[in-house]
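Thank you all for coming.

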Amino acid sequence: MVSVRQWRILNVSLAFLALLLLLPLLGIRLPSLGQAELWLNPDDPRCLAQVDNEFSGVEISRCCLLAAQQLSCHKEKSLIDGQYYDWACQTGQQSVVQRLNHVGYQYCTLQPFWGRR
Amino acid sequence: MKSIFSQNEKRVVRNPVAKKVPPKRWAFHIHQATFLILLLVVLLLASANIAKAKGFFIPEQPAPLVQDGIIAIQDLTLEQKLAQMVIVAGSTWNLQPIRNMQVGGIHLFALGQEELFPGAIQQFQAGMAIPFFVTVDLEGCLNPFAAFRLFLPASEVETVGEAFEKGAEEGKYLRSLGVTINFAPVVDLDDEIWKCRSFPGDASQIGALAEAYILGLQNEKIMATAKHYPGKTLVARDPHKFLVTATVGASDLVPYQEVADTAQGIMVSHIIVDGALDSQGLPSVVSPGIIQGLPEQFSGLVITDEINMLGLRSFYPTLDEMYIAVLQAGSDIILNFNDDPNEIYRMIQIWKEAVDSGLVSEERIDASVRKILEAKGLQVVG
């Protein structure tokens, strides 16, 4: 048997949930957990373009667009020029690889063009 | 005999055996009813959110009247005309809202199997009175088909003949899939980052190779797009900075002058430039001076680089201001790969308000839409 107090708690929770669901319909966006995690992480987003065995730094926003256009991204830890990179995004075995550190990958997944993977 | 009860006490005890529901039971019923109502509200709001995410609230535009390949521009609503100026990411999960909005084109990212490309393209194109542009970034080094087909990187092309053959081979392949525009060739000098995206040689040699490539590609009915105007996008710089600045020299513009009367498209970048061209502190894509500074003999489509990149987005406090600035600057086609179709629809509505309020003239819109429809093979009247 649900007590009156328990009903109150349920109803307040449902009212709060209704409010959270109403906000996006009114065009109000709340920061996501991913954005909060990114903001708290002190590391910088980093990206390298790898062509054969050569690596070059790429501005992160351009890198994210190129990575979003690749077939897939997978976890692959690599140490390049003394820094760790955690993700590799590419289309084929012989194609350009966008290498991202964890913060860089998280940053990219928050971009509007990232899409579903 | 006097009653031991006062008048007040008599009122209270008038009906001592009447049945009354205890206050606690009423509260219980109210909470139950409230719970059911709130549960219903939450379910409705959740359904509305799902419908919105899928673009169900984006209205379908009326079918444009196209007869024997002829279309009258005045038969298109302002919203339809503005939508023609947008190329979006061709995600099949956004198929219906993209078709409903009748945007100008779809851009395809890498897929794992060759047959997925014509499959997706057919889904989008089926029954459309005005066909979509279908665009890809096939440069050779960057290649959305790399999972099953490789192409020669531009950096390995040595002669004009090879450049033409590369264009013809890629054009034939793209046409077989249903693609209509290739965002290539890259004609920037000094590819310090990838070292494979640009043709080899000095400015003049790059211009000649690019022109040959364009001829080969367009011979196969695929529109070429020289990029990224006004140059300097392949030069290594501080990867932490979003706003990119560069000094453009006269040599950076040489390839664009070489291809201006051949290329059917030129893509403008977000770089803030000075030197041979000055964007006045603005990203090039929103600088009217840069857009108008394109070579005189160029009569093709001016296409923006993707507008959600921070090189442009971080220049403006709000998206609305950015959308209006991009439209005001004068490009014919705007690339917006935002995966949320509601945001694409919102951008079109913002543009519509800008035209209605006089910030952007409808004549400017009509001029771009005319070029777009003609590039799609339609005859435009009116």
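Which residue follows α1(A), and is its phi positive or negative? The residue is A:Gly27, and its phi is positive, near 85°.

Before going on, please keep in mind that this is a predicted model, in which local features need pLDDT of at least 70 and side-chain atom pairs count only at pLDDT 80 or more, while totals for chains, interfaces and linings use all residues. Residues are numbered from 1 along each chain as its sequence is written, chains are lettered from A and ligands numbered from 1 in the order in which they are written, and side-chain values use heavy atoms, with hydrogens and water left out.

Chain A comes to four helices and five strands, where helices (H or I, at least four residues) and strands (E, at least two) are DSSP runs numbered from the N terminus. Helix α1 of chain A, residues 4-25, has 22 residues and reaches 32 Å from its first C-alpha to its last, close to the 32 Å expected at 1.5 Å a residue, the expected span being 1.5 Å times one less than the number of residues. Among its buried residues are A:Trp7, A:Asn11 and A:Leu14; buried means under 20% relative accessible area, exposed over 50% and partly exposed in between, with a 1.4 Å probe and protein chains only. A:Phe16, also found in helix α1 of chain A, counts as exposed because its relative accessibility is 52%.

Turning to the charged pairs, the structure holds 18 salt bridges over all chains, a salt bridge being a side-chain nitrogen of Lys or Arg within 4 Å of a carboxyl oxygen of Asp or Glu. In one of them, the side chains of B:Asp137 and B:Lys227 meet at 2.8 Å, N to O. B:Asp137 lies in the loop between β4 (133-136) and α6 of chain B and B:Lys227 in strand β6 (residues 223-229), so the pair ties together parts that are 90 residues apart in sequence. B:Lys227 also meets B:Glu139 in a salt bridge, at 2.8 Å, N to O, and this pair links parts of the chain that are 88 residues apart. As for burial, B:Lys227 has a relative accessible area of 2% and is therefore buried, and B:Glu139, at 4% relative accessibility, counts as buried too.
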